[in-house]
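Please examine the model shown here, beginning with the surroundings of its ligand and then moving on to the domains, the nonpolar core and a few individual residues.

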Amino acid sequence: MTNNHEYTIALAGNPNTGKSTLFNVLTGLRQHTGNWPGKTVVHAEGFFTYKDEQYRIIDLPGTYSLYSNSADEEVARDFIIFAKPDVTLVVLDATALERNLNLALQVLEMTDRVIVCLNLMDEAKKKGIIIDIAKLSKKLGVPVVPISARNKEGIDELLETIARMVHGEIQTKPTKISYSRTIEEKIAKLLPLVKEVIGDEYPARWIALRLLDGDTSLLHALQSQPHHLLKGGAHYGCHCSAKSI
Ligand SMILES: Nc1nc2c(ncn2[C@@H]2O[C@H](COP(=O)(O)OP(=O)(O)OP(=O)(O)O)[C@@H](O)[C@H]2O)c(=O)[nH]1
Ligand SMILES: [Mg+2]
């Protein structure tokens, strides 16, 4: 039986980790590209069906972080925060895990609906790299699925994990970075204020961290949301600075 509901999946990851290869495997010809509104960043969107259910998948630009250093990072960040995909797939290069985990940890601060996709497992095997998948999954607090997108290996398990997550059958507990005492104290001070202004709809701890970093681009993004997230109105403008806290 089919229904009209469509789940949204975002693909995030460092450049060159095989996101587009995976996107092509999942969507085949059911895809189109354009630009993100107002940006020169490529927007690739595709569709697939799994067990009679419809999925839309967005191939986000490859980035090393999700701050506000570039249009690519802003596009990826805004999609994860504002579009609230049902699942964000973080595609990691299994041969460069340490470097790739940086982005994964950032995504885990933004959303708890995350599946880590360990790609290029064929290359990792060739290089004699052995990864304890269960241990990594336990440490990160989210499912980790090993795949080789180019060889179409691990795709069934990945699809099944996606389906189980969108149906609420997987409880995640994303690991959260603990910062120094000074920063944690500042976060604790900011959290109630952030919640007062934006409510519960967005990841308050992550927003507090971005504010502490002086990320005004995020404030602009919050203000330009159509449903006007900033409950208090214009006086919570972009001139407020968390640095003084
Ligand atoms: N050996 C191997 N190579 C792969 C695999 N998946 C992707 N690749 C190769 O890795 C390279 C990068 O793949 P892309 O899919 O373009 O990577 P991407 O993450 O979309 O890159 P950006 O769009 O630049 O962020 C290509 O040469 C792919 O053929 C895999 O599972 N194994
Ligand atoms: Mg790509």
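## The shell around ligand 1

In this predicted model, the residues of the shell around ligand 1 fall into three nonpolar, nine polar and four charged. There are 16 residues around the ligand, and those that come nearest are Gly18, Lys19, Ser20, Thr21 and Gly62.

## Domains and the annotated span

The domain assignment of the protein chain gives domain 1, covering 6-166, and domain 2, covering 181-244. The C-alpha centres of domain 1 and domain 2 lie 27 Å apart, and the contact takes nine residues from domain 1 and nine residues from domain 2. On the side of domain 1 that touches domain 2, the elements giving two or more residues are helix H2 (71-83) and helix H3 (97-110), with H2 giving the most, namely four residues. By class, that side of domain 1 has four nonpolar, two polar and three charged residues.

An unreviewed UniProt entry carries the annotation "domain: FeoB-type G", which covers residues 6-168. Within the model, the end C-alpha atoms of residues 6-168 lie 15 Å apart, and the span is 38% helix and 28% strand.

## The largest nonpolar core

The largest nonpolar core holds 54 residues, and the members that touch the most other members are Leu11, Val90, Val107, Ile115, Val116 and Cys117. Helix H8, residues 204-212, gives the most to this core, with six residues, and the core draws at least three residues from each of domain 1 (6-166) and domain 2 (181-244).

What does Val90 touch, if residues up to four places away in sequence are not counted? On that basis, Val90 touches Ala12, Gly13, Leu103, Ala104, Val107, Val114, Val116 and Cys117. Three of these partners, Val107, Val116 and Cys117, are also listed with Val90 among the core members that touch the most other members.

## Ile81 in helix H2

Ile81 lies in helix H2, the helix that gives the most residues to the side of domain 1 that touches domain 2. Is Ile81 buried or exposed? Because Ile81 has 21 C-beta neighbours inside 10 Å, and 20 or more are required, it counts as buried.

Leaving out residues up to four places away in sequence, Ile81 touches Met110 and Tyr202. Ile81 and Leu222 are 141 residues apart in sequence, whereas their C-alpha atoms are 9.7 Å apart in space.

## The loop between S3 and S4

Lys51 is placed in the loop between strand S3 (42-50) and strand S4 (53-59), and Asp52 lies in the loop between S3 and S4 as well. Lys51 has a positive phi of about 45° although it is not a glycine, and Asp52, likewise not a glycine, has a positive phi of about 65°.

Why does Lys51 count as exposed? Lys51 has 8 C-beta neighbours inside 10 Å, and a residue with 12 or fewer is exposed, so Lys51 falls in that class. Asp52 also counts as exposed, because it has 8 C-beta neighbours inside 10 Å.

Technical notes: Residues numbered from 1 in each chain as written. Chains lettered and ligands numbered in written order. Predicted model: local features only at pLDDT ≥ 70, side-chain atom pairs only at ≥ 80, totals over all residues. Near = placed C-beta within 6 Å. Nonpolar A, V, L, I, M, F, W, Y, C, P; charged D, E, K, R; others polar. Core = buried A, V, L, I, M, F, W, Y, C linked by C-beta atoms within 7 Å. Domains from an automatic or database assignment. Contact = placed C-beta atoms within 7 Å. UniProt positions renumbered as here; feature names shortened; annotations may be inferred.
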